[in-house]
Amino acid sequence: MTEIAETPSAPAPSLTTRLEIVPVVLFTAFAAAPLLAAYSGAEGYVLSLLTRVMIFGIAAMALDLILGYGALVSFGHAAFLGLGGYAVGILASHGFEDALVQIPIALAASAAFAFVTGAISLRTKGVYFIMITLAFGQMLYFLATSLAPYGGDDGMTLASRSLIAGSAWLKNDFTFYWICLLCLLGAYALSRSIVVSRFGRVLRGTRENAVRMEAIGFRPFRFQLAAYVISGIMAGLAGCLLANQAEFISPSFMTWQRSGELIFMVVLGGLGSLHGAIIGAAAFLLLEEFLPEILHMASFFLAEETRAHLAENWKMVFGPLLILIVLFARGGIMGLLRRPHHG
Amino acid sequence: MAEPLLELRNLRKSYGALVVTDDVNISVQPGELHAIIGPNGAGKTTLIHQISGMLPSNSGQILFIGEDISQLSMPQRVERGLARSFQITSILPGFSALENVALAVQARSGSSFRFFGNASRENDLNGLAMECLGEVGLAARARIPAGLLSHGEKRQLELAVGLATAPKLLLLDEPLAGTGHDESQRVVETLRRLKSRLTIVLIEHDMEAVFSLADRVSVLVYGRVIATDTPERVRANPDVRAAYLGEEELV
Ligand SMILES: Nc1ncnc2c1ncn2[C@@H]1O[C@H](COP(=O)(O)OP(=O)(O)OP(=O)(O)O)[C@@H](O)[C@H]1O
Ligand SMILES: [Mg+2]
């Protein structure tokens, strides 16, 4: 027997035109940023920070696809970042430096890993699903630490960024930025299409009431598995980009803490809106980056020694701050943006 | 008699030592409205769970149009034309009434592995869904989120969703439960209309409705069928009267 949860769920993705303003502003900001970065005096720093934001935006959005629209709490999504990253690194170390070779292999590996682990994990529900995805993530993490030829625990530095059809365009930070933005936009457009499609509607229906979906003739498992694979592929792409951005890969790409951070980004931005996940990733990474300085400035009234101390131990503020945001801004940042419209 | 549409043979379900349905034999003829009545806890809902595939049976067989469907999953049974409603309303609260029904239409019209195109704007799905909503009198409420409908309206929505799967046999678990007088009148009228083109198994405590709608009635007591007959003969059956002793509903 099914108890229906009378919780207000995320709105059907036929978002009102008023809300569409958020993704438009978001992508315009990403597009304008490199131009402004040139004036900031710290161009390289700004570009690399924002590139990271976009890459994690892709990963968080991939997670939102199954978490926000399918209520599947994967606690092992960083594994796909690692898979994408290691595919690039390992192939490069064997002389396959072209992205046209690396990316298809990385995505295929991500899809295969998602298919196998998803087919097993999705047989469980709730907290067991969380634990088993975590276990698969850890499995891959330990595998990476044991890959001695590829740096083991320490990871390895890439000789250079991937080539594209033989040319070294990605060397240029601006070009790399635009490529990442293109990937983000593509992943966003694809995800938007998926969630309103027939497929996405079944996924959303299953999130609300799986028994009802079976009673009208759907087999939820197939749809959840397909969504899991799509999500894994997208996160794998983010992994490829991340390896290129850092020009380095290591098992730290896929720690369980990283998986937790991805969940946090999605919840912080607001579940089930896709662009919310990107905003969540941005908020998380920017806060992580600037919190020490913000703390230092905000505590002007304290003694200099205390201020330095505070800035140094910014993580003690970061954690509680995130908890407060999640507690008091239900629906995350997107929830805050939505509220004025809906009274 | 023609070949039965649904035939239950020695169906049994127990939870540990508690036998909930016991050696149930019922055959439902094509076109009939077959009511199953019985006191609270008799095992009626359990029986519907078994027929629809939500619960496995311990033993016995379920034949649907001559095929043994006992081992099939719920979606597979739906594909063969077996739809059900739930005693405890089971809908998608965040979806509009229309989308609840349109999803059921979608389930039987082409593949749902389509990743492009806005499903909520597919006219053929929405058209058929609107027909089903119209059938139960909910057309005017199509755009309302299902979670915000009144209890009675949710019961009607359950019925519309069942209809949208285009079933050959509709299993209804207390469609009138908790509805007001007017709403229950409307549902009874709807069922009377559906009766002519669908085979229905109806579980209901409202005896007035049962005796006015049913072609045949089976009485389930402590998981056993103690009688299957026409409404008049069931009403007069001494065993049935004994089982219902003290309950005025039957009189
Ligand atoms: N999961 C379960 N575990 C143990 N016992 C159960 C379970 N589900 C139902 N029962 C028991 O099985 C018996 C039959 O329940 P069922 O819901 O089928 O009755 P019902 O005829 O539909 O009753 P009502 O008219 O109240 O809806 C009850 O005694 C109930 O307590
Ligand atoms: Mg019942």
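# Reading a predicted two-chain model

Modeller: E122(B) and R198(A) form a salt bridge, with their closest N and O atoms 2.9 Å apart. Keep in mind that this is a predicted model.

Colleague: How many salt bridges are there between chain B and chain A?

Modeller: The count is four. Polar contacts are a separate tally: the rule finds 17 residue pairs across the interface of chain B and chain A, both partners at pLDDT 80 or more.

Colleague: Which helices of chain B supply residues to the side that touches chain A?

Modeller: Four helices of chain B each supply at least two residues: α1 (44-52), α2 (74-79), α3 (97-108) and α5 (151-164). The most comes from α3(B), with six residues. By class, that side of chain B has 20 nonpolar, 16 polar and seven charged residues.

Colleague: How do I read the size of the interface?

Modeller: Interface size is often given as the accessible area lost when the parts come together. Here chain B and chain A bury about 3,500 Å² between them. Carbon and sulfur atoms account for 60% of that area.

Colleague: Which residues in chain B lose the most area to chain A?

Modeller: They are P75(B), F113(B) and F115(B). Together they make up 16% of what the chain B side buries. In residue numbers, the contact takes 43 from chain B and 33 from chain A.

Colleague: Let's turn to a helix. Why does the span of α4 in chain A agree with its residue count?

Modeller: Helix α4 of chain A covers residues 99-121, which is 23 residues. At 1.5 Å a residue, it should span 33 Å. Its end C-alpha atoms are 31 Å apart, so the two values agree. At the start of α4(A), a side-chain oxygen of D98(A) reaches to within 2.9 Å of the backbone nitrogen of L100(A).

Colleague: Which residues of α4(A) are buried?

Modeller: First the general idea. An α-helix has 3.6 residues a turn, so residues three or four places apart point the same way. Now the case here. The buried residues of α4(A) include A99(A), Q102(A), A106(A), S110(A), F113(A) and T117(A). Also buried are A111(A), A114(A), G118(A), A119(A) and S121(A).

Colleague: What covers the buried residues of α4(A)?

Modeller: The cover includes three helices of chain A: α3 (78-93), α5 (126-145) and α9 (220-246).

Colleague: What does the side chain of S162(A) join in a polar contact?

Modeller: The side chain of Q102(A), at 2.5 Å. S162(A) sits in the loop between β1 (156-157) and α6 (173-196) of chain A. At 4% relative accessibility, S162(A) counts as buried, because the cut-off is under 20%. Leaving out residues up to four places away in sequence, S162(A) touches V88(A), E97(A), A99(A), Q102(A), L170(A) and N244(A).

Colleague: How many salt bridges does the structure hold over all chains?

Modeller: It holds 21. Some form networks: R161(A), D173(A) and E247(A) are linked in one. For a pair within chain B, take E32(B) and R216(B), whose side chains meet at 3.0 Å, N to O. This pair links distant parts of the chain, 184 residues apart. E32(B) lies in the loop between β2 (18-28) and β3 (33-37), and R216(B) in strand β9 (residues 216-221).

Colleague: Are E32(B) and R216(B) buried or exposed?

Modeller: Both are buried. Compare the bridges made by E135(B). Its side chain meets that of R193(B) at 3.3 Å, N to O. E135(B) is in helix α4 (residues 123-136) of chain B, and R193(B) is in helix α6 (residues 181-195), 58 residues apart. R193(B) counts as partly exposed, at 44% relative accessibility. The side chain of E135(B) also meets that of R197(B), at 3.2 Å. R197(B) is in the loop between α6 and β8 (199-203) of chain B, 62 residues from E135(B). At 54% relative accessibility, R197(B) counts as exposed.

Colleague: Last one. Why does F64(B) count as buried?

Modeller: Its relative accessible area is 2%, and buried means under 20%. F64(B) is found in strand β4 (residues 59-64) of chain B. Leaving aside neighbours within four places in sequence, its contacts include L5(B), L6(B), I69(B), L82(B) and L169(B). R80(B), G81(B) and K168(B) are also in contact with F64(B).

Key. Residues numbered from 1 in each chain as written. Chains lettered and ligands numbered in written order. Predicted model: local features only at pLDDT ≥ 70, side-chain atom pairs only at ≥ 80, totals over all residues. Heavy atoms only, no water. Contact = heavy atoms within 4.5 Å. Buried area = accessible area lost by both parts, 1.4 Å probe. Polar contact = N/O pair within 3.5 Å; in protein donor to acceptor, adjacent residues only side chain to side chain. Nonpolar A, V, L, I, M, F, W, Y, C, P; charged D, E, K, R; others polar. Expected span 1.5 Å × (residues − 1). Buried < 20%, exposed > 50% of the residue type's maximum accessible area, 1.4 Å probe, protein only.
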